[in-house]
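Please keep the sequence and the coordinates at hand while reading.

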Amino acid sequence: MVKLSAMSFSFEVIKEIPEELGRAGVISTPHGQIATPAFIPVGTKASVKSLTPESLDDLGAQAVLANAYHLYLQPGSETLDQAGGLGKFMNWDKPSFTDSGGFQVMSLGAGFKKVIDMSLGSLDSDEAMAESKERLAHVDDEGVTFKSHLDGSMHRFTPEISMQVQHQIGADIIFAFDELTTLHNTRKYQEQSLERTRLWAIRCLDEHKRLTDQRSDKPYQALFGVLQGAQYEDLRRKAAKDLSEMKSSGLSFDGFGIGGALDKASLGQIVSWMSSELPRDKPRHLLGIGEPADLFAGVENGADTFDCVAPSREARTSAVYSENGRFNVSSASYKRDFSPIDKDCSCYTCSNFTRAYLNHLFRAKEMLASTLATIHNLAFTVRLVDRMRQAILDGNFREFKTEFLARYQAKALD
Ligand SMILES: [Zn+2]
């Protein structure tokens with residue numbers, strides 16, 4: 001008999017883009033539903049920087065994604081467990097995600113960029129990565145040993161430890177522990193790494209099963225397998241096929257995360273390779289993607305949810321988004337501009353404040369500057385993906401994409 005708690009995660013496709021892999025759907029979790037496609041704001045350390053959970057809710061966020069690595073180091077995942085899980089700890093009663101920590105551990109100090117423009121020149125070498133690994137993280141077949149960025153102390157993550165940490169944190173959707181590679185690693189290394197990630201995925205399923213049974217009084221946590229394979233079609237397809245067929249301890253993955261570095265020019269194609277191998281009835285999360293053109297490419301090719309620190313991180317540096325592109329609201333030209341950041345935006349910031357006021361707050365280094373700019377950038381990004389969903393339902397996704405990107409990518413305001 002299926003336990004009631006095990007039934008509280010599901011995904012339903014409602015409508016698809018004709019002749020494309022993109023779709024609109026609904027993910028159901030123990031903490032509520034997520035209408036997809038959806039953009040999930042990042043609250044790395046159980047806080048979306050400068051925002052209260054109430055303002056995050058007001059701006060339309062359906063879920064939040066926190067980071068297992070950061071919460072493991074500070075305050076420690078046991079603390080979140082004792083608090084009753086991530087949602088209770090941060091007073092967020094909607095769905096939540098945690099990523100496995102693999103990306104943060106392995107990109108420590110590497111200056112790793114998520115989306116790379118390969119046209120800027122390609123260097124096919126494992127050395128750039130190896131050097132940085134020697135400094136802060138070392139990967140072997142069992143796991144990763146790394147140095148805390150906080151105090152330099154040594155730690156070790158294995159697939160089992162990542163599962164234990166993510167169960168203690170208690171998010172609704174958690175991710176398998178995978179190895180991160182860059183687009184610059186050699187083909188041979190990508191193959192070895194993919195196999196390592198496959199073996200780690202089996203260990204994640206086994207440990208997840210053990211923990212789910214052991215902690216059967218807790219809300220069900222859905223485990224997503226993470227697909228790597230860099231820019232290689234055969235490796236990406238293999239990863240998708242391997243993980244969608246994988247079964248261990250009687251469990252298969254509840255959904256999938258599309259991970260790794262992505263070449264900007266072929267991001268849509270990479271997502272399409274994987275989506276066409278993955279089961280239609282399971283959700284797909286595109287890790288670390290948030291730029292408008294990338295979001296369109298992801299949605300069009302079958303990704304259901306997205307997370308990215310860029311909208312909030314850029315907001316804190318005064319870079320704000322508008323229908324006509326991104327601009328820097330602290331630049332001199334906005335000193336006496338009494339219009340909102342975006343006249344078409346209905347967020348709290350645009351409803352109540354002017355560019356001139358934000359310009360002043362940034363120049364005066366007032367904390368409210370970050371709060372107001374973050375509310376707007378997150379509202380803009382969340383709403384953009386919500387509009388993509390509506391366009392899928394209305395059957396005019398392509399028209400919406402063309403029209404939006406033409407305006408957004410036209411000359412920026414400054
Ligand atoms: Zn706004």
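## Helix 8 and its surroundings

The buried residues of helix 8 pack against helix 7 (159–169), strand 12 (222–227) and helix 9 (233–245). The model is a predicted one.

Helix 8 covers residues 187–214, 28 residues in total. From its first C-alpha to its last it reaches 40 Å, close to the 40 Å expected at 1.5 Å a residue. Its buried residues are Gln 190, Ser 193, Leu 194, Thr 197, Trp 200, Ala 201, Cys 204, Leu 205, Glu 207, His 208 and Thr 212. An α-helix has 3.6 residues a turn, so residues three or four places apart point the same way.

## Helix 9 against helix 10

Helix 9, one of the elements that the buried residues of helix 8 pack against, also packs with helix 10 (residues 267–277). The angle between helix 9 and helix 10 is about 35°, and their axes are 8 Å apart. The crossing of these two helices is right-handed.

On the helix 9 side, the contact involves Glu 233, Arg 236, Arg 237, Ala 240, Lys 241 and Ser 244. These meet Ile 270, Trp 273, Met 274 and Glu 277 of helix 10. By class, the residues of this contact are five charged, four nonpolar and one polar.

Eight strands form an open sheet with parallel pairing, in the order 4-16-15-13-12-11-6-5. Strand 4 (38–41) and strand 5 (64–67) stand at the edges with a single partner strand each, so one side of each is left without a neighbour in the sheet. On average, neighbouring strands of this sheet are turned by 25° against each other, direction ignored.

Within this order, strand 15 (residues 284–286) and strand 16 (residues 305–308) run parallel and are joined by two bridges. His 285 stands opposite Thr 305 in strand 16.

Five bridges link strand 2 (residues 23–29) with strand 3 in the antiparallel sense. Here Val 26 stands opposite Ala 35 in strand 3.

Technical notes. Residues are numbered from 1 along each chain as its sequence is written. This is a predicted model: local features need pLDDT of at least 70, side-chain atom pairs count only at pLDDT 80 or more; totals for chains, interfaces and linings use all residues. Two strands pair if DSSP finds at least two bridges between them. Helices (H or I, at least four residues) and strands (E, at least two) are DSSP runs, numbered from the N terminus. Axes are lines fitted to C-alpha atoms, for helices over the stretch in contact, and angles run from 0 to 180 degrees between N-to-C directions. The expected span of a helix is 1.5 Å times one less than its number of residues. A residue is buried if 20 or more other C-beta atoms lie within 10 Å of its own, exposed if 12 or fewer, and partly exposed in between; C-beta atoms are placed from the backbone. Two residues are in contact if their C-beta atoms, placed from the backbone, lie within 7 Å. A crossing is left-handed if the near helix is turned anticlockwise from the far one by less than a right angle, and right-handed if clockwise. Ala, Val, Leu, Ile, Met, Phe, Trp, Tyr, Cys and Pro count as nonpolar, Asp, Glu, Lys and Arg as charged, and the others, Gly among them, as polar.
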